[in-house]
Amino acid sequence: MAPITDAPLRVRCVDSHTEGEPTRTLVDGLPGLSGDPCTVRAALDDAWAPIVRAFMLEPRGYAWLVGAVVLPPTLPGASFGVVFFNNVGTLGMCGHGTIGVVRTLSALGRLAPGEHVIETPVGSVVARLHPDGRVSVRNVPSRVAQRGVAVEVPGHGIVHGDVAWGGNWFFICHDHGMSIAVDRVQELTAFCMRVRAAYDAAGLRGDDGAPIDHVELSIDAHRAGAPLAPTHGGAGQQVGLGADARNFVLCPGSEWDRSPCGTGTSARVACLAAEGRLAPGATWVQESVLGTRFEATYELIGADIVPTITGSAHVTFDGWMLIDPADPLARLDAR
Ligand code: PYC
């Protein structure tokens, strides 16, 4: 057997988790892959898709892992570029992933505290690395495209959802009648898959015709239409004390987000802003099904709703991922 150092593809990967959701950062990029984030995204969705799968799926990864390839900057003033991917392909943006990448690069001594412009396929975002290690991400402008769309879910009945953009497309549903609890994740996953199949079959799309590939079930601590109350999480509520809402987010590969989902929280903030329920600068505490949290605010820049998400990440692994060309479960020739 050849020594492992002879493996032709050796890629340094640093794993982290952001509020429970993992990110695998390819900190030095992928040999042979270059360009701006849109070009790299297209390559990862095409000729490089088998390599993405080799990093994300078993035996090297697992289905709910999110990957991030770090790229040299292409725009003046940017610190770096990034493209995110998961078990089924690339993502436009990823909030928990951006926090994970920033924390990772800082742990490696490659990023100083302060503000950093990061290029993504859907636009530049600005990350602030705080002295205490927390990271705030000013996301791309977010918006609600359609409100209260009725969808008939076979065997369940009608549910309503807001179609909103936060760097990815979301169908955000409140009248789901489900308990958002960690011991219900299988049920929640199955339900979200049925909701997604139902609105896909009905032809519901984002406002650029893109598939709405994330489903977000939400339970608010406050009744819709009521002013935000200072006490949350009272008896009978499923939202933890101090949080404004708890969510369950199903990602495109039918895995659930362990974090409150940065792009999903941004999409939700856009809905709250459109409903007049959250003022610019006010804080929205978004809780995940695990009980981990992001803090979200937004700025109004002209007509744009620009959310900022804050959370923490921790590095869990630093090493080299090897792909042996003789491995029948990884096709290096696909590049
Ligand atoms: O945090 O934006 C996010 C995200 C998207 C998919 C998984 N996490």
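This is a predicted model: local features need pLDDT of at least 70, side-chain atom pairs count only at pLDDT 80 or more; totals for chains, interfaces and linings use all residues.
Trainee: How many helices and strands does the protein have, and what radius of gyration goes with them?

Mentor: The protein contains five helices and 17 strands. The globule rule gives 20 Å for 335 residues, and the protein comes close to that value, so it is as compact as a globular protein of that length. Its C-alpha trace spans about 65 × 45 × 35 Å along the principal axes, and the radius of gyration is 20 Å.

Trainee: What percentage of the 335 residues is buried?

Mentor: The accessible surface of the protein comes to about 13600 Å², and carbon and sulfur atoms hold 54% of that surface. Among contacts with a separation of 6 or more, 64% are between residues 24 or more positions apart. Counting residues under 20% relative accessible area as buried, the buried share of the protein is 56%.

Trainee: Is V101 buried or exposed, and which residues does it touch?

Mentor: V101 belongs to helix α3, which covers residues 95–107. Its relative accessibility is 1%, and therefore V101 counts as buried, the limit being under 20%. Leaving aside residues up to four places away in sequence, V101 touches T23, T25, A68, V70, F80, V82 and F84.

Trainee: Which side chain of opposite charge is nearest to D244, and how far away is it?

Mentor: D244 sits in the loop between β12 (214–220) and β13 (245–250), and a polar atom of its side chain lies 2.7 Å from the backbone nitrogen of V285. D244 is buried yet has no salt bridge. A salt bridge requires a nitrogen within 4 Å of a carboxyl oxygen, whereas the nearest side chain of opposite charge to D244 is 7.9 Å away and belongs to R277.

Trainee: Which residue forms a salt bridge with R12, and what parts of the chain does the pair tie together?

Mentor: Side chains of opposite charge can pair when their charged atoms come close. For R12 and D318, the closest N and O atoms are 2.7 Å apart. R12 lies in strand β1 (residues 9–18) and D318 in strand β17 (residues 313–323), so the pair ties together parts that are 306 residues apart in sequence.

Trainee: How many residues apart are R134 and E295?

Mentor: R134 and E295 form a salt bridge in which the closest N and O atoms are 3.8 Å apart. This pair links distant parts of the chain, with R134 in the loop between β7 (123–129) and β8 (135–138) and E295 in strand β15 (residues 293–301). R134 is partly exposed at 27% relative accessibility, as is E295 at 38%, and the separation of the two is 161 residues.

Trainee: What is the phi of C261, and what is its relative accessible area?

Mentor: C261 is found in the loop between β13 and α5, where S254 also lies, and S254 has a positive phi of about 65 degrees although it is not a glycine. The phi of C261 is likewise positive in a residue other than glycine, near 70 degrees. C261 is buried, with a relative accessible area of 4%.

Conventions:
Residues are numbered from 1 along each chain as its sequence is written. Side-chain values use heavy atoms; hydrogens and water are left out. Helices (H or I, at least four residues) and strands (E, at least two) are DSSP runs, numbered from the N terminus. Buried means under 20% relative accessible area, exposed over 50%, partly exposed in between (1.4 Å probe, protein chains only). Lys and Arg count as positive and Asp and Glu as negative; His and the chain ends are not counted. A polar contact is a pair of N or O atoms within 3.5 Å; within protein, one must be able to donate a hydrogen and the other to accept it, and residues adjacent in sequence count only if both atoms are side-chain atoms. The radius of gyration is taken over C-alpha atoms; the globule rule is 2.2 Å times the number of residues to the power 0.38. Contact means heavy atoms within 4.5 Å. Accessible areas come from the Shrake-Rupley method with a 1.4 Å probe; for residues, only the protein chains shown count as cover.
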